[in-house]
Amino acid sequence: MSSASSTDRTAVSNPAADIEDMKAKVDAVLEDHRHDRGELIAILLDTQDILGYLPVPAMKYIAERLNIPPIDIFGTATFYRSFKLNPPGRHTCTICMGTACHVRGGPQVLKEFERQLGICAGQTTPDREYELETVACVGACAMGPLVLIDGEYHGNMSSRKVPRLLRRLDRERAEETQ
Amino acid sequence: MTGRISSPDELKQARTSLEQARESARDIITVCTGPGCVASGAGEVADAFRAQIKEQGLEDRVTFRCTGCHGFCALAPVVTIDPAGICYGGVKPADVPTILERTVGAGEIIDRLVYTHPDTGQPVPYEKDIPFYKHQDRLLLEENRRIDPESIDDFFVLGGYEALARVLTDMDPEAVVQEILDSGLRGRGGAGFPTGRKWSICRQNPGEPKYIVCNADEGDPGAFMDRGILEGNPHRVIEGMCIGAYAIGASEGFVYVRHEYPIAVRNITRAVEQAREAGLLGEGILGSGFAFDLKVVMGAGAFVCGEETALIASLEGRTGEPKQRPPFPAQSGYRNKPTVINNVETWASVPHIITRGAGWFSSIGSEGSKGTKIFSLVGKVENTGLVEVPMGTTIRQLVYDIGGGIPNGKEFKGIQTGGPAGGCLPAELMDLPIDFEALAEAGTIMGSGGMIVMDESTCMVDIARYFTRFLEQESCGKCYSCRKGTQRMREILDDICEGRGTLEQLELLEELGHTVNEASMCGLGQNAANPVLSTLRYFRDEYEAHITERRCPAGVCTTLIRYQIQESLCDGCHACFKVCPADAISGEKDAVHVIDPDVCIKCGACLEVCPQGAISVVSGGGE
Amino acid sequence: MSVKTISLTLNGLPVEVYEGTTILEAAKLYGINIPTLCSVEGLSSYGACRLCIVEIGPPGKTKVVSSCTYPCEEGMQVRTHSARIIKARKMILELMVCSTPASKVVQDLASAHGVTTARFRRENEDCLLCGLCVRMCEEQMMARAIGFVGRGPDRRITTAFDELSDICRHCGGCMYICPACQLRCQGPSAETTICSGCLNFSPSCAEVYDDQQCWMPPECGTCVRPEGDYLPATGHICREE
């Protein structure tokens with residue numbers, strides 16, 4: 001499982017124009033939050049919503065504009081699980097690891113996803129199509145085991161249902177590109 | 001929507017005119033859109049109702065409403081029809097025209113959508129007769145049933161904000177604090193600290209300004225009570241916080257919601273805006289001199305931020321590292337000012353205590369634990385969902401009378417309470433009352449209300465490992481005892497579950513567990529060994545079986561189990577062969593099939609499909 | 001303006017300190033030696049290593065807290081070397097020795113507390129995450145070039161974004177203060193993990209009684225040893241008849 005505190009530098013290669021664009025977007029977020037460093041977490045979450053993840057240049061820029069030591073931004077961004085320091089996959093498969101999901105076979109569901117996609121939780125497939133992640137609990141505990149595909153709930157999952165679900169996603173993807 | 005309300009009288013008038021406008025012999029169709037129902041397709045059912053009602057021109061005949069969680073997730077998606085009080089479960093979009101035609105149109109009950117009583121086999125069409133609901137005392141959850149959380153008008157019709165009006169007109173702040181003290185309300189977030197005392201300490205502290213916080217960082221896996229209230233009845237929480245702010249002397253408050261609850265964030269944010277527009281938040285609330293406003297803030301995925309001092313750090317934009325107390329937040333919290341942090345359910349209980357009185361609240365429950373409590377009853381139990389019972393209800397009543405017992409003819413093995421900081425209780429303790437002190441004595445805690453039921457197919461060592469791994473990941477990492485301690489405990493549990501354990505390690509595990517609990521600074525670390533210590537206390541034989549016999553009695557730990565096809569039961573139907581993802585099964589059609597244990601990945605697919613029940617999980621007996 | 005004084009007891013000894021004094025500071029003032037690792041005078045207290053833990057409260061209702069971060073309170077009863085505390089310290093040191101055996105500071109502390117077993121998985125880490133380097137860089141050097149990142153098992157200390165820091169002034173303060181790299185222990189062999197022990201005494205009266213038995217520095221611990229056992233270099237000999 002890749003560590004949340006390491007960054008995938010190969011994916012972070014923004015040409016100069018993109019950097020200006022990124023700064024403009026970050027400035028807008030900072031304006032929204034009145035440059036209040038107390039709202040750092042909301043600022044990082046909003047930046048992530050817009051950029052898709054938290055690229056290092058964006059974090060450096062936020063540190064500069066808020067006058068916070070860069071190491072503090074890095075520390076905060078790596079402390080909280082919600083922050084992604086690597087570009088996301090096109091589809092995010094989130095497996096719930098809550099207790100109720102666990103006693104009903106959650107681990108098998110995760111294992112099957114890992115097998116099917118060929119990656120471990122915390123990783124993205126080489127073609128960047130699928131990102132596999134876990135979450136401690138989404139709070140729909142009566143419907144476990146639970147999987148979220150791009151935020152959409154799929155309850156009462158089992159390892160058998162996984163290939164079916166992924167096939168459906170592939171089909172939808174094929175239809176989109178046609 | 002009702003406009004700005006500038007006085008308690010105007011509030012009463014608003015309610016009356018809304019009631020009058022709604023007074024008619026209409027049927028009310030309610031679709032539950034709580035987390036369980038949404039995960040089962042309630043969204044599509046609601047869309048179908050809206051479309052059909054419009055198409056058939058029934059807008060004047062029927063009131064349609066989506067609500068928050070009713071609680072009976074096992075029946076999802078749930079649709080109820082009032083005033084008859086009919087409850088339908090497992091509703092699909094295709095059922096919608098039939099419901100409109102037969103039930104709404106002709107008053108007929110559709111048997112196949114109705115709950116079947118497990119003992120009699122008879123349909124139970126009316127919600128009030130369903131055992132799951134009948135045995136509960138739904139003080140808070142009942143409100144979810146009656147309101148659309150997006151409508152402040154619905155909340156007014158319920159009598160919403162009248163407790164606040166009463167407080168602002170008839171009670172001074174000290175009297176409010178006293179009322180909460182007298183009620184015996186104890187924090188519903190886990191620690192069970194007397195709420196009135198916390199408010200009192202904060203109020204008496206000279207620091208200014210004061211703050212209040214709603215801790216909606218419900219991080220216990222398996223618990224979703226706070227989600228149910230925040231999504232389903234956000235205004236009740238706001239009202240409670242207004243009353244609390246008045247009592248304590250705070251002018252600003254926060255609702256700290258975990259990032260993983262986007263719907264709850266949306267609903268509370270919308271409710272806050274609505275409350276502001278209606279003059280129930282902001283300057284001069286209800287025309288009084290009292291001013292108070294709320295800000296909704298999101299967490300970012302850290303269980304430890306449910307701890308008070310870590311939550312405050314997060315509110316201040318820092319990493320959620322807990323701080324040594326004293327000083328306690330009520331003395332010095334957000335920005336070093338007196339801050340009261342209470343749980344969602346605690347805040348939601350406040351208006352009811354004001355309206356019905358401390359005496360009423362303290363008449364419910366047990367000696368030391370007053371009122372009702374919402375629990376998330378999940379796991380290996382028939383009737384999964386959110387339930388609300390008086391404190392002092394026994395585990396047996398919860399699991400059997402309300403929960404409907406263990407499905408698939410399995411045996412009750414244990415119940416895990418209190419989330420990762422809690423412990424497991426065995427069958428022998430089924431008659432334990434659910435009460436702060438009783439649970440603590442038995443080696444667990446009430447926690448926020450998660451109740452995970454386990455049967456004979458749950459491995460208690462695996463459960464201990466699960467929670468320990470969770471805590472290892474969620475530890476902030478500051479205290480050596482917690483960071484290294486949870487890591488080393490998890491490694492020993494890995495060894496035991498994977499067949500490498502020794503009895504010396506068992507002793508070491510226990511010793512280490514005690515040190516972790518004793519030496520760590522915050523609630524996470526101080527309770528980190530509870531899953532291990534409680535399972536060792538009540539299920540030691542299971543640990544020993546893993547170690548001395550290399551056997552997992554529950555058939556869970558993959559390294560110690562084999563999937564086996566019983567020759568005498570196999571009829572060679574080939575179903576297992578077809579689903580096996582690892583090609584581990586061999587056998588000609590109509591001949592007995594065999595699983596190759598070296599290839600088998602133990603995914604369980606074959607077990608699921610075998611029509612003869614010929615596949616079983618075996619463990620031990622020498623590999 | 002006079003500062004308020006607080007009365008409390010340390011190991012039964014009634015003492016007085018100024019308000020705002022931590023338990024650790026009070027103990028130091030009165031010559032009671034509480035072991036520390038992540039606490040250094042001149043830097044803020046952090047409470048990471050948990051070695052300075054003490055028991056506070058009336059008998060039967062005690063709780064365990066880190067003395068470096070806990071302020072003295074009026075009437076507080078503090079026990080710095082109860083059996084329960086010593087047991088916890090030993091376990092923490094055993095964890096430390098297994099993770100960072102090359103640190104002489106850790107080995108010395110382990111020896112001083114009579115840690116003779118190393119029952120956990122052996123690691124060869126260089127960092128205890130005590131945070132002294134972070135606090136040194138921030139508080140003494142005003143640089144904030146390094147800090148904590150990650151959480152739980154992934155927690156580590158590094159520069160911003162793991163890049164070469166342009167804030168770091170190469171003062172060497174972090175290396176100077178680090179207990180793991182101050183002195184490398186040459187003692188432990190690969191098999192034992194536990195050093196043979198430059199300092200080797202422990203408060204053995206705690207093995208028999210619930211609390212230390214005399215006013216000598218707790219490291220003495222020779223009273224209850226049977227004759228013939230190792231005696232410390234200081235030569236204190238108090239034998240039980």
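Domain bounds here come from an automatic or database domain assignment. On that basis, chain B is divided into domain 1 (21-135), domain 2 (152-362), domain 3 (372-455), domain 4 (460-548) and domain 5 (561-619). This is a predicted model, in which local features need pLDDT of at least 70 and side-chain atom pairs count only at pLDDT 80 or more, while totals for chains, interfaces and linings use all residues. Residues are numbered from 1 along each chain as its sequence is written, and chains are lettered from A and ligands numbered from 1 in the order in which they are written.

**Domains and overall make-up**

- In chain B, the centres of domain 1 and domain 4, taken over C-alpha atoms, are separated by 46 Å.
- Chain A is divided into domain 1 (9-79) and domain 2 (91-177), and 29 Å separate the centres of these domains, again taken over C-alpha atoms.
- Chain C has 5 helices and 7 strands; helices (H or I, at least four residues) and strands (E, at least two) are DSSP runs, numbered from the N terminus.
- Along the sequence, chain C reads β-β-α-β-β-β-α-α-α-β-β-α.
- Of the 241 residues of chain C, 43% count as buried. A residue is buried if 20 or more other C-beta atoms lie within 10 Å of its own, exposed if 12 or fewer, and partly exposed in between, with C-beta atoms placed from the backbone.
- Among the contacts in chain C with a separation of 6 or more, 55% come from residues 24 or more positions apart. Two residues are in contact if their C-beta atoms, placed from the backbone, lie within 7 Å.

**Where chain B meets chain A**

- Here 46 residues of chain B are in contact with 39 residues of chain A.
- On the chain B side, at least two residues each come from helix 2 (35-39), strand 9 (293-298), strand 11 (372-379), strand 15 (450-455), helix 19 (460-474) and helix 25 (605-609).
- Helix 2 of chain B gives the most to this side, with 4 residues.
- By class, the side of chain B that touches chain A has 21 nonpolar, 18 polar and 7 charged residues. Ala, Val, Leu, Ile, Met, Phe, Trp, Tyr, Cys and Pro count as nonpolar, Asp, Glu, Lys and Arg as charged, and the others, Gly among them, as polar.

**Where chain B meets chain C**

- Here 25 residues of chain B are in contact with 25 residues of chain C.
- Helix 19, helix 20 (480-497) and helix 21 (503-519) of chain B each supply at least two residues of the side that touches chain C.
- Helix 20 of chain B gives the most to that side, with 8 residues.
- The residues of the side of chain B that touches chain C divide into 8 nonpolar, 8 polar and 9 charged.

**Two helices to look at**

- Helix 6 (residues 106-117) of chain A has 12 residues and reaches 17 Å from its first C-alpha to its last, close to the 16 Å expected at 1.5 Å a residue; the expected span is 1.5 Å times one less than the number of residues.
- The buried residues of helix 6 of chain A are A:Gly106, A:Gln108, A:Val109, A:Leu110, A:Glu112, A:Phe113 and A:Leu117.
- These buried residues pack against elements of chain A including strand 1 (91-96), helix 5 (99-103) and helix 7 (161-177).
- Just after helix 6 of chain A comes A:Gly118, with a positive phi of about 75°.
- In helix 17 (residues 395-402) of chain B, the buried residues are B:Ile395, B:Leu398, B:Val399 and B:Ile402. They cover an arc of only 120° around the axis, so they sit on the same side of helix 17 of chain B; the arc is that of the directions from the helix axis to the C-beta atoms.
- An α-helix has 3.6 residues a turn, so residues three or four places apart point the same way.
- Helix 17 of chain B is followed by B:Gly404, whose phi is positive, near 75°.

**Backbone details in chain B**

- The peptide bond from B:Glu208 to B:Pro209 is cis, with omega near -10°, and B:Pro209 lies in the loop between helix 10 (195-204) and strand 7 (210-216).
- Another cis peptide bond joins B:Arg325 and B:Pro326, with omega about 10°.
- B:His574, a residue other than glycine, has a positive phi near 80°; B:His574 is partly exposed, with 14 other C-beta atoms within 10 Å.
- B:Asp590, also not a glycine, has a positive phi near 70°, and B:Asp590 counts as exposed, with 10 C-beta neighbours inside 10 Å.
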